[in-house]
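The exercises below concern one protein chain. Work through each task before reading its solution.

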Amino acid sequence: MRERPGDIPLLVHYFINKYRSFFEVDVEGIDQEAMDCLCRYTWKGNIRELENVVQYMISMSADSPSGVMGVNCLPNQILENKTDDCPRVQEPAQQDISLREMEQQRIRQALARYGDTTEGKKRAAKELGISLATLYRRLNQSSPPVK
C-alpha cells in the first residue's frame, strides 16, 4: 500500500461495505477528514492492517446517528502518526479488548440509558443502528449458555 496510496480510498469503501452488513450497523461511509488521515498514514503492514482499522472504525461508529465515520472513530495508532492536516481527537482510554466485548459494552451502555423494557430496547437498537432482532441476538450471545 505504500507504493499505491491511491488504492486506499477504494479499499476503505470496499471494507466498509463488507463489514457494515457483517456487524449489522448503518455505516454509510467515511468523512473526508478521516479519509485524509488514512491516506497520510505510513502503512507498515499490508492490506490486512487497513482492514483491521476499518473494522475498528465501524465498531466505534455504532453510536453515530449520521452513519458517517469521522476522525473520532480512528484508532490511536493512526492519530499518533498524524500530520498537521490530521487533527488529534481525544479518545477515552481503553484496554485492549475484543470487538465482541466492545460491542457488548456499547449495548450495555445503551440499555443503561434507555432501560431493559421492550421500548427501551427498541430505542437502544435505534441508537446503535441495529434492528431489535439483532439486539436480542447480541444479548443472547453475551449470556452464558444454559445447562
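**Exercise 1.** Does Asn 52 count as buried, partly exposed or exposed, and why?

Solution. The model is predicted, so local features need pLDDT of at least 70, side-chain atom pairs count only at pLDDT 80 or more, and totals for chains, interfaces and linings use all residues. Residues are numbered from 1 along each chain as its sequence is written, and side-chain values use heavy atoms, with hydrogens and water left out. Take the cut-offs next: buried is under 20% relative accessible area, exposed is over 50%, and partly exposed is in between (1.4 Å probe, protein chains only). Asn 52 has 48% relative accessibility and therefore counts as partly exposed. Its place is in helix H3; helices (H or I, at least four residues) and strands (E, at least two) are DSSP runs, numbered from the N terminus.

**Exercise 2.** Describe how H3 and H5 pack.

Solution. Start with the axes, which are lines fitted to C-alpha atoms, for helices over the stretch in contact, with angles from 0 to 180 degrees between N-to-C directions. The axes of H3 and H5 come within 10 Å and cross at roughly 15 degrees. The two helices are therefore roughly parallel (angles under 35 degrees; over 145 is roughly antiparallel, 65 to 115 roughly perpendicular, the rest oblique). Next, identify the residues: H3 contributes Gln 55, Tyr 56, Ser 59 and Met 60, and H5 contributes Leu 99, Met 102 and Arg 106.

**Exercise 3.** Which residues have the most contacts inside the largest nonpolar core?

Solution. A nonpolar core is a set of buried Ala, Val, Leu, Ile, Met, Phe, Trp, Tyr and Cys residues joined through side-chain atoms within 4.5 Å. The largest one has 38 residues, and Val 12, Ile 30, Leu 38, Met 57 and Leu 74 have the most contacts inside it. Helices H1, H2, H3, H4, H5, H6 and H7 each supply at least two of its residues. Finally, examine Ile 30: beyond four places in sequence, its contacts include Val 12, Leu 38 and Met 57.

Methods:
Contact = heavy atoms within 4.5 Å.
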